[in-house]
Amino acid sequence: MHISARTDYALRALLALAAADAPTVPGPVLAAEQGLPLKFLEAILADLRRTGLVRTRRGAVGGYALARPAGEINVGEVVRAVDGP
């Protein structure tokens, strides 16, 4: 099975969010930790937000967080969210 760069980045971002100590992780911090281009990661996170896998929070303590527990998210959902059905 071939996994696209978008899916790879999405999975890496979700794993980082699941392992985060803070309730939210800012996009630039997430991109730097994972070594990903910020604009590309933000587009992927927007797709994940639209499909209900990630939630966002604005403000000084804002950023991204998982919308539901990590154990309830499967790889198939992530692939469909970023690459389509």
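Me: Which residue just after α2 takes a positive phi, and of about what value?
Reply: This is a predicted model, in which local features need pLDDT of at least 70, side-chain atom pairs count only at pLDDT 80 or more, and totals for chains, interfaces and linings use all residues. Residues are numbered from 1 along each chain as its sequence is written, and side-chain values use heavy atoms, with hydrogens and water left out. Helices (H or I, at least four residues) and strands (E, at least two) are DSSP runs numbered from the N terminus. The residue in that place is Gly-35, and its positive phi is about 65°.

Me: Within what arc do the buried residues of α2 fall, seen down its axis?
Reply: Buried means under 20% relative accessible area, exposed over 50%, and partly exposed in between (1.4 Å probe, protein chains only). In α2, residues 27-34, the buried ones are Gly-27, Leu-30 and Ala-31. They line one face of the helix, because the directions from the helix axis to their C-beta atoms fall within an arc of 95°.

Me: Which residues are exposed on the other side of α2, and against what do its buried residues pack?
Reply: The exposed residues on that other side are Pro-28, Ala-32 and Glu-33. Contact means heavy atoms within 4.5 Å. The buried residues of α2 pack against α1 (5-19), α3 (38-50) and β2 (63-66).

Me: With which residues is Leu-45 in contact, leaving aside its neighbours within four places in sequence?
Reply: Leu-45 is among the residues with the most contacts inside the largest core. Once those sequence neighbours are left aside, its contacts are Ala-13, Leu-30 and Tyr-64.

Me: At what angle do α1 and α3 pack?
Reply: Axes are lines fitted to C-alpha atoms, for helices over the stretch in contact, and angles run from 0 to 180 degrees between N-to-C directions. Angles of 65 to 115 degrees count as roughly perpendicular, under 35 as roughly parallel, over 145 as roughly antiparallel and the rest as oblique. The two helices are therefore roughly perpendicular. Their axes are 10 Å apart, and the angle is about 75°.

Me: Which residue stands opposite Thr-56 in β2?
Reply: Two strands pair if DSSP finds at least two bridges between them. Strand β1 (residues 54-57) pairs with β2 in the antiparallel sense over four bridges. The two form a hairpin with five residues between them, and Gly-59 in the turn has a positive phi of about 105°. Opposite Thr-56 stands Tyr-64.

Me: Is Thr-24 buried or exposed?
Reply: Thr-24 lies in the loop between α1 and α2. Leaving aside its neighbours within four places in sequence, its contacts include Arg-55, Arg-57 and Tyr-64. Its relative accessible area is 9%, so Thr-24 is buried.

Me: How many Å separate the C-alpha atoms of Asn-74 and Leu-11?
Reply: Asn-74 is in the loop between β2 and α4, and at 41% relative accessibility it counts as partly exposed. Along the chain, Asn-74 and Leu-11 are 63 residues apart, while their C-alpha atoms are separated by 9.9 Å.

Conventions:
Core = buried A, V, L, I, M, F, W, Y, C linked by side-chain atoms within 4.5 Å.
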